[in-house]
Amino acid sequence: MSPDTDTPTATDEVVGLVSRLIRFDTSNTGELETTKGEEECARWVQQQLEDVGYRTEYVESGQPGRGNVFATLPGSDSTRGKLLLHTHLDVVPAEPADWSVHPFSGSVEDGYIWGRGAVDMKDMVGMALALARQFKRDGTVPPRDIVFAFLADEEAGGKWGSHWLVEHRPDLFEGVTEAVGEVGGFSLTVDRPDGGQKRLYLVETAEKGIAWMRLTATATAGHGSFLHDDNAVTILSEAVARLGRHTFPLVMTESVSEFLAAVSEESGLELHADTPDLETALFKIGSIARIIGATLRDTANPTMLNAGYKANVIPQKATAVVDCRVLPGRQAAFEAEVDALIGPQVTREWVTKLDSYETTFDGDLVDAMNDAILAHDPEGRTVPYMLSGGTDAKAFARLGIRCFGFAPLKLPTDLDFAALFHGIDERVPVESVLFGTDVLEHFLLHS
């Protein structure tokens, strides 16, 4: 509670809010028929905001039940660009039988909040909601307008969430110049040469592009007992194998170069473009290497194959789906490389294509992030990094908004944080959420 009143503070409320948010099963399967819970959760968030005096707007993004909630806290300087704080309410599905606790229990035990979405990203939803409520109750006026957005469908690419809103309701983002969202601001502890340790807080400044590609081979149909040199299954399989085994060139983007330079400076490790087998060397810094290693080059991973309808019939057509992740500035070169690998007998088309994004690690907003971290962890250091996946930032960047990932968490050194995203027994430390709420409060009041 506030020392002068009985009014709860953000840190008083945040753990309970995160737990309650997890208890909404907002599993997003990618199919409307089996996706559920977004509207119920969004309406609850809307009520929490209206209870403290916000005027909110609830928007269904193109499909029934795809609920999004917006609220604005006016700032002291209306001439400045607005700051967007965006979160998403949906989560990936979870199978209860695989978990130690029920994935939608929101259980608080052993110092953790457990459940699907605990780190992706109902922890940040809870922090944003707790602070929005505290600011309104206290009559807080931030330096500029803050737009709080609680969104649908991020886990399936945002087609029925952020991208729909950008295309059909750009007025909701009018005046927004900068945005902060998920998968950044968390700590990575590295060992120093002197035997000590250093906490680095990773601010997301870039994302690889997400491009799901369908490959199609068309040849001559026929009887399975005949000789066939022109077989769609064979043509496609050989193309997919070439692509799946291919190693794309090492490309050092600005975000990755700055991250590696900071880690090398603090740890004494030699991590740079000329490091032999850099991907393997990265594992000296822990499990985050899985993410960082995937940002050193483009990737193209075959994920689906489909052909034929009967054992003794050679099909006319065979198809495959490939999950492609492309570095900033590499799209044209990537496509040329893919075309050379798959050959002229295989065609390609994009099933989903979301462009890469990168911004620089500088400016007043970055300074505000650094100051907020140092105010609560004086020995910390903020560094930029690139996310190998994607977030709703891809949609907002289309409006010219400068985007960062900053959902601050001070993590235990032995926690495999990367494995918790979409993983079994997803959980977030209570102390990390309390820390993050304090840091985020400082940031929002000085940005």
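T56 sits opposite A71 of strand β2, and this pair belongs to a predicted model in which local features need pLDDT of at least 70, side-chain atom pairs count only at pLDDT 80 or more, and totals for chains, interfaces and linings use all residues. Residues are numbered from 1 along each chain as its sequence is written, and side-chain values use heavy atoms, with hydrogens and water left out.

Strands here are DSSP runs of E with at least two residues, helices are runs of H or I with at least four, and both are numbered from the N terminus; two strands pair if DSSP finds at least two bridges between them. Strand β1 (residues 56–60) runs antiparallel to β2, with 5 bridges joining them. Their hairpin has 6 residues between the strands, and G62 takes a positive phi near 85°. β2 also joins β6 (residues 146–151), again antiparallel and through 5 bridges, with F70 bridged to A149. As for cover, 6 of the 7 residues of β2 (67–73) are buried, meaning under 20% relative accessible area with a 1.4 Å probe, protein chains only.

Then there is an open, antiparallel sheet of 4 strands, ordered β12-β14-β10-β15. β12 (299–307) and β15 (346–354) are the edge strands, each with a single partner, so one side of each lacks a neighbour in the sheet. From one strand to the next the twist averages 20°. β12 pairs with β14 (residues 317–326) over 8 antiparallel bridges, and T299 has R325 as its bridge partner. Helix α9 (residues 331–342) packs on this sheet, touching β10 (209–218), β12, β14 and β15, and its direction makes about 150° with that of β15. Contact means heavy atoms within 4.5 Å; axes are lines fitted to C-alpha atoms, for helices over the stretch in contact, and angles run from 0 to 180 degrees between N-to-C directions.

Key: Buried means under 20% relative accessible area, exposed over 50%, partly exposed in between (1.4 Å probe, protein chains only).
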